[in-house]
Amino acid sequence: MLELYDIIWRDKEVVGCLEYNTRTQRFQAYLKDGAQGNPRGLFGVFKTDSVVDDRRVRGYFDDCVVPKTRENIDDILKHIGLPYYDQWEIYKHNSGRNVSDYASIRFRKAVDAEDFFKPDFE
């Protein structure tokens with residue numbers, strides 16, 4: 001199954017889609033051509049790249065989510081209702097927001113699919 005999330009820039013424009021394959025536990029992001037702002041900068045990809053692989057998505061999460069080694073991580077997990085550290089669940093809990101960029105995510109839908117596909121942005 002794929003979970004699909006819109007990538008939102010400054011709470012206004014959909015600039016891409018984040019897909020999570022629950023079977024393989026892998027991510028892929030698609031960035032909309034001509035999007036405002038700098039969504040490609042989030043993932044450290046070139047201006048012409050529109051598909052972001054699992055490695056780069058996870059690297060972005062590393063920059064967005066409190067690290068597992070943080071001194072008071074147990075208190076943070078308790079506060080957000082997680083029994084254990086799960087970077088993806090923390091990212092979703094915060095709607096993909098952090099203090100250093102303008103992006104967030106919004107759940108779009110889950111689809112019964114075996115592999116990634118390029119979504120439409122309409």
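Analyst: Let's start with Ser-104, which touches Asp-6, Ile-7, Ile-8, Asp-11, Ser-95, Gly-96 and Arg-97, leaving out residues up to four places away in sequence (contact means heavy atoms within 4.5 Å). Bear in mind that this is a predicted model, where local features need pLDDT of at least 70 and side-chain atom pairs count only at pLDDT 80 or more, while totals for chains, interfaces and linings use all residues. Residues are numbered from 1 along each chain as its sequence is written, and side-chain values use heavy atoms, with hydrogens and water left out.

Ser-104 sits in strand β5 (helices, H or I with at least four residues, and strands, E with at least two, are DSSP runs numbered from the N terminus). Ser-104 counts as buried because its relative accessibility is 4% (buried is under 20% relative accessible area, exposed over 50%, partly exposed in between, with a 1.4 Å probe and protein chains only).

Strand β5 spans 103-111 and supplies at least two residues of the largest nonpolar core, a set of 30 residues (such a core joins buried Ala, Val, Leu, Ile, Met, Phe, Trp, Tyr and Cys through side-chain atoms within 4.5 Å). β1 (2-9), β2 (13-21), β3 (26-31), α1 (39-43), α2 (54-64), α3 (73-80) and α4 (87-93) each put in at least two residues as well. The largest share, four residues, comes from α2.

Which residues have the most contacts inside that core? They are Leu-18, Phe-43, Val-57, Tyr-60, Phe-61, Trp-88 and Tyr-91. Take Leu-18: skipping residues up to four places away in sequence, it touches Glu-3, Leu-4, Tyr-5, Ile-7, Phe-27, Gln-28, Ala-29, Val-57, Phe-61, Trp-88, Tyr-91 and Ile-105. Another core, of seven residues, lies apart from the largest one, and its members include Leu-2, Cys-17, Tyr-30 and Phe-116.

Cys-17 is worth a stop. At 0% relative accessibility, it counts as buried. Its sulfur is 17 Å from the closest cysteine sulfur, in Cys-64, so a bond is out of reach (a disulfide is a pair of cysteine sulfur atoms within 2.5 Å). Cys-64 is likewise in no disulfide, its nearest cysteine sulfur being that of Cys-17. Cys-64 counts as buried too, because its relative accessibility is 13%. A search of the whole structure turns up zero disulfides.
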